[in-house]
Amino acid sequence: MLLLLASEDNALLLGSLLLFGLLAVLMLATRKVDWYTVAAQAR
């Protein structure tokens, strides 16, 4: 992975795709969470 990011031409593209992938995984992992209940329990 570090060798791919060392290429200046593809660094922005690969970084953006990696960030997009991480965001997609985070959204999929938390899609069943009821955030209103979580916020109410935190009070």
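**Surface and helices of a predicted chain**

The accessible surface of the chain comes to about 4300 Å². Carbon and sulfur atoms account for 70% of that area. The model is predicted. Its mean pLDDT is 87. A pLDDT of 70 or more is reached by 86% of the residues.

The chain contains 3 helices and 0 strands. Read from the N terminus, the order of elements is α-α-α. Helix α1, residues 2–6, has the lowest confidence, with a mean of 60. Helix α2, residues 8–29, has the highest, at 92. Where pLDDT is low, the predicted coordinates should not be read in detail.

Burial was examined next. The chain has 43 residues, and 0% of them count as buried. Of its 22 residues, the number buried is 0, so α2 lies largely in the open. The span of α2 was also computed. From the first C-alpha to the last, α2 reaches 32 Å. This is close to the expected 32 Å, at 1.5 Å a residue.

Leu-23 is part of helix α2. The relative accessible area of Leu-23 is 47%. Buried means under 20% and exposed means over 50%, so a residue between these limits is partly exposed. Leu-23 is therefore classed as partly exposed.

How values were computed. Residues are numbered from 1 along each chain as its sequence is written. This is a predicted model: local features need pLDDT of at least 70, side-chain atom pairs count only at pLDDT 80 or more; totals for chains, interfaces and linings use all residues. Side-chain values use heavy atoms; hydrogens and water are left out. pLDDT is the predictor's confidence in each residue, from 0 to 100. Helices (H or I, at least four residues) and strands (E, at least two) are DSSP runs, numbered from the N terminus. Buried means under 20% relative accessible area, exposed over 50%, partly exposed in between (1.4 Å probe, protein chains only). Accessible areas come from the Shrake-Rupley method with a 1.4 Å probe; for residues, only the protein chains shown count as cover. The expected span of a helix is 1.5 Å times one less than its number of residues.
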